[in-house]
Amino acid sequence: MKFITNLNRLHLINYPDIVCFQCRYDIKEYSDELFSFYEISDEFERISNAVVKRKAEFLAGRYCARLAQEAIGLQVAKLPVGQHRNPIWPENTNGSITHSGHLAFAAVARRSLVPYFGIDYEEVMEPDLADKLMHTIINNQEKHYFEKFQFSFSFMLTLAFSAKESLFKTLYPLVNQYFDFSAAELIDFQYSNNQFTLRLTEQLTPLLNKGMEFTGHLTTYENSLLTFISYQPK
C-alpha cells in the first residue's frame with residue numbers, strides 16, 4: 001500500500017510523557033479498503049459519506065493515533081467523534097490529532113501524567129488569506145506586537161491561529177463548549193527556544209480565569225508549524 005509514504009515518531013523535548021507520530025500520506029492512493037488494511041475498520045462508518053479528502057486525513061490521523069497508543073503501552077481504543085469533530089479518548093488516555101496538506105500527527109499520553117494538552121499543525125497562510133482572516137484571529141494589540149518581529153505577518157498570524165487551536169483542544173474538555181479566537185491573545189513569542197505564551201481575555205470557567213497564561217512550544221518546518229500546549233490544573 002502506498003497511501004502512507006513516510007512515518008516518523010517525533011521526540012518532543014518539552015513533553016517527555018507524550019508520544020507523537022507523524023505520517024505523510026498520498027490522497028491519490030486512498031481507497032475505503034485502507035481502513036481495514038490499517039486495522040481501523042471500526043472507524044469507517046462515521047466517515048463513510050465524507051469526501052475523499054476528509055476520509056484520507058481522518059484515516060491518516062487515526063492511524064498515527066493507533067501507533068501512539070500502542071507505543072505508550074495502552075490498549076488501542078475506538079475514538080468516537082465529539083461535537084466539534086474532536087476525538088473522544090478513553091478515560092485513562094489523553095490525545096490530540098491534527099492534519100493539514102499531506103501530513104497528519106497524533107499525540108497520546110496517559111491522562112494521569114498529562115491531563116490536558118493539544119497539538120495543531122498548520123501550513124503558513126498565503127499573504128492574501130492572512131489579510132482576509134486577521135480580524136477573526138487576532139486583536140489590535142496582537143497585530144501591533146507582531147510588528148516587532150522579523151518574521152512575515154503571515155507566519156505570525158499562522159502561529160497565533162495554531163496556538164489558539166492547540167489551546168482550544170487543551171481546554172475543551174474543561175469548558176465543554178465552543179470558544180473562539182477572541183478568548184485568548186498571543187502575548188509572547190520566544191523564537192530562540194520555540195516558546196510562546198497565550199493569555200485568556202475572558203472567563204471560560206470558574207477555574208479558567210481571565211488573565212490566565214498558558215505557555216506552549218512550536219516546531220517549525222519549511223513552510224508550516226506544529227504547536228503544543230499542555231495544562232496541569234493546580
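**Entry 1: the five-stranded sheet**

I began with the open sheet of five strands, which I read off in the order E5-E9-E8-E7-E6, with antiparallel pairing. I kept in mind that this is a predicted model. Which strands stand at the edges? I found E5 and E6 there, each with a single partner strand, so one side of each has no neighbour in the sheet.

**Entry 2: the hairpin of E6 and E7**

Next I followed strand E6 (residues 184-190) into strand E7 (residues 195-200), and I saw six bridges joining this antiparallel pair. Across the pair, I noted Phe189 opposite Phe196 in E7. How many residues lie between the strands of this hairpin? I counted four, and Asn194 takes a positive phi near 55°.

**Entry 3: helix H5 and Ser154**

I then turned to the helix that lies across this sheet. H5 lies across E5, E6, E7, strand E8 (213-220) and strand E9 (224-231), and I noted that it runs at about 150° to E5. The helix spans residues 153-175, and I picked out Ser154 within it. Is Ser154 buried or exposed? I found a relative accessible area of 8%, and since buried means under 20%, Ser154 counts as buried. Setting aside neighbours within four places in sequence, I listed its contacts as Val124, Met125, Glu126, Pro127 and Ala130.

**Entry 4: the four-stranded sheet**

I moved on to another open sheet, this one of four strands in the order E1-E2-E4-E3, and its pairing is antiparallel too. From one strand to the next, I noted an average twist of 15°. I reminded myself that strands of a sheet pair through backbone hydrogen bonds. Looking at one pair, I found E3 and strand E4 (residues 103-110) joined by eight bridges and running antiparallel. In that pair I saw Gly95 opposite Val108 in E4.

I also checked which helix lies across this sheet's strands. Helix H2 (residues 52-71) lies across E1, strand E2 (19-25), E3 and E4, and runs at about 145° to E2.

**Entry 5: Ala107**

I stayed with strand E4 to look at Ala107, which has its place there. How accessible is Ala107? I read a relative accessibility of 0%, so Ala107 counts as buried. Not counting residues up to four places away in sequence, I found that Ala107 touches Ile18, Val19, Cys20, Asn94, Gly95, Ser96, Phe117 and Ile119. I looked up Gly118 as well: Ala107 and Gly118 are eleven residues apart in sequence, and their C-alpha atoms are 8.4 Å apart in space.

**Entry 6: the largest pocket**

Last, I looked for open space. The largest pocket holds about 940 Å³. I noted 38 residues lining this pocket, and those nearest its centre are His84, Arg85, Asn86, Ile97 and Lys169. Which elements give two or more residues to the lining? I wrote down H2, E3, strand E5 (116-123) and H5. Sorting the lining by class, I got 15 nonpolar, eleven polar and twelve charged residues.

Note on methods:
Residues numbered from 1 in each chain as written. Predicted model: local features only at pLDDT ≥ 70, side-chain atom pairs only at ≥ 80, totals over all residues. Heavy atoms only, no water. Buried < 20%, exposed > 50% of the residue type's maximum accessible area, 1.4 Å probe, protein only. Contact = heavy atoms within 4.5 Å. Pairing = 2+ DSSP bridges. Axes fitted to C-alpha atoms, helices over the stretch in contact; angles between N-to-C directions. 1 Å grid on protein atoms, 1.4 Å probe; cavity = no way out; pocket = protein on both sides within 12 Å on 5 of 7 lines; lining within 4 Å. Points joined across faces, edges and corners; volume = space filled by probe spheres on them. Nonpolar A, V, L, I, M, F, W, Y, C, P; charged D, E, K, R; others polar.
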